[in-house]
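This briefing looks at how one protein chain is put together, beginning with a single residue and the partner it meets, and then moving out to the chain as a whole. Please keep the sequence and the structure in view while reading.

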Amino acid sequence: MESKTVIGNTSRKGRKVYLEQSLKEVWVRLFQEPWPLGVGVLALTITNLFMFIYARALGVFPQMAMWGSWLYNLIGIKTESPFIPYPVKPPYLDMHSLLDIGIIFGALGASLLAREFKIRREDGQGYLFGALGGILMGLGTVLMPPCNVGGFWVATMAFSLSGPLAAIGLLLGAYVGGKILQSHVHEALLKVDFTQTPEGEAVPPRSVSLQPQSGILVFILIVILAIVYHRLGMPKNAGLFLFGVLFGVIVQRSRLCFVAAFREILVSRDGKVMKWVLASMAVGALGFALLKGQGYQPQHMVFPAGWHNIVGGFIFGIGMVLAGGCGLGILVRSGEGYTRSWVACLTAMLTSGAWVHLYGQKVGQGWLYGKPVYLPEALGWGGALIFVYGFLLLFYLFILWVEAGKYEKA
């Protein structure tokens, strides 16, 4: 009898140890180890499809433009938001703005749990690049429209002709931006005297980090805010805020960077990131086709198509490289403590928020913009599917052709 009791206690202890080790392993893989790029891209795609079913698809810059217009009105400069679906209102009352705010919160919480949060300061030139990058993105988003995530990634999956057109400008702009940064780095290296090695200082012992506990508090605050919005009769606000948190966590943990996806194709002849992005679009386009084919929000994320997609994409592409992130990227990096991204967010908001003052009309109106082209209406569903998947295949083959250039001289 006593031996049976001992065996039972040992069995329970073994089960407890197994559960503890299993949960610890899950925690480490989710919040301490970086996620594989493919996992991050596919998680982003699936989350985007679920959010489209819930309310809308991913896009971040129209809300930021509205924030800029809101700030102008706060200081007495009367203006309207450049994007028609986003009228000026306090960001905390706007459900679309809460998506962006959720992205920042999600990235903040995830970076704290991983002990990766840090206030990262820049020198004057770094802030100048951030400010200039934000200005260019602010101008590019109203011309394209909107940003590389909404205007290329989502728009193409949503069967908008504007998506492939924007890709042309984004690719060329990212190349120019990459060359500007390469030139800056080259000039900086020339000024370094490698014969003078400064004497290193002793590294003090690292104190116990409280970042994981702070990260848990951030996620508790996230849950409280979502409950408050729901109790106040704003369930969509709460839902989009939580979706934003998910996007922030996914991008932060996987280090997915749409800027690198475009920049590295021509700058370093490396298309690894963009190949994953194209694979995600192949999956996402099927989801959008199934939903839109049933009559669900057919015109959602279908933007004006014309030369402005290419020009706006080119300007936006330069800006996102100089700023160190696209719209989604600078929101995530803001949550991680990158001060250059804070500057880029501010200048992007103020530039795009002034568009109605500068142009006199809103995005999509007037001589500057073409008409929205929804491919299933123009080509039928068969033609639209052939067009989108043909574009993805051609883009993939183009990347292979560029990458093959690395081996020509060899």
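Predicted model: local features only at pLDDT ≥ 70, side-chain atom pairs only at ≥ 80, totals over all residues.

The side chain of Glu122 meets that of Arg340 in a salt bridge, with 3.3 Å from N to O. Because Glu122 lies in the loop between α4 and α5 (124-143) while Arg340 belongs to helix α14 (residues 339-353), the pair ties together parts of the chain that are 218 residues apart in sequence.

**Salt bridges**

- Arg340, the partner of Glu122, has a relative accessibility of 16% and so counts as buried, because this value falls under 20%.
- A search of the whole structure finds seven salt bridges, and one of them joins Glu80 to Lys362, whose closest N and O atoms are 3.3 Å apart.
- This pair also links distant parts of the chain, with Glu80 in the loop between α3 (61-74) and α4 (95-113) and Lys362 in the loop between α15 (355-359) and α16 (375-404), 282 residues apart.
- Glu80 is partly exposed at a relative accessible area of 45%, whereas Lys362 is buried at 15%.
- Glu403 forms a salt bridge with Lys275, and here the closest N and O atoms are 2.8 Å apart; the two residues sit in helix α16 and helix α11 (residues 272-292), 128 residues apart.
- In this pair Glu403 is the buried residue, with a relative accessible area of 12%, while Lys275 is partly exposed, with 23%.

**A buried glutamate**

- Glu336 is found in helix α13 (residues 327-336), and its relative accessible area of 3% makes it buried.
- Leaving aside residues up to four places away in sequence, Glu336 touches several others, including Lys118, Arg120 and Arg255, as well as Phe117.

**The chain as a whole**

- The protein chain contains 16 helices and zero strands, and its radius of gyration of 23 Å is close to the 22 Å that the globule rule gives for 410 residues, so the chain is as compact as a globular protein of that length.
- Among contacts with a separation of 6 or more, 82% are between residues 24 or more positions apart.
- The chain has 32 positive and 20 negative charges, whose mean positions are 8 Å apart.

Conventions:
Residues numbered from 1 in each chain as written. Heavy atoms only, no water. Helix = DSSP H or I, 4+ residues; strand = E, 2+ residues; numbered from the N terminus. Rg over C-alpha atoms; globule rule 2.2 N^0.38 Å. Contact = heavy atoms within 4.5 Å. Lys, Arg positive; Asp, Glu negative; His and termini not counted. Charge placed at Lys NZ, Arg CZ, Asp CG, Glu CD. Buried < 20%, exposed > 50% of the residue type's maximum accessible area, 1.4 Å probe, protein only. Salt bridge = Lys/Arg side-chain N within 4 Å of Asp/Glu carboxyl O.
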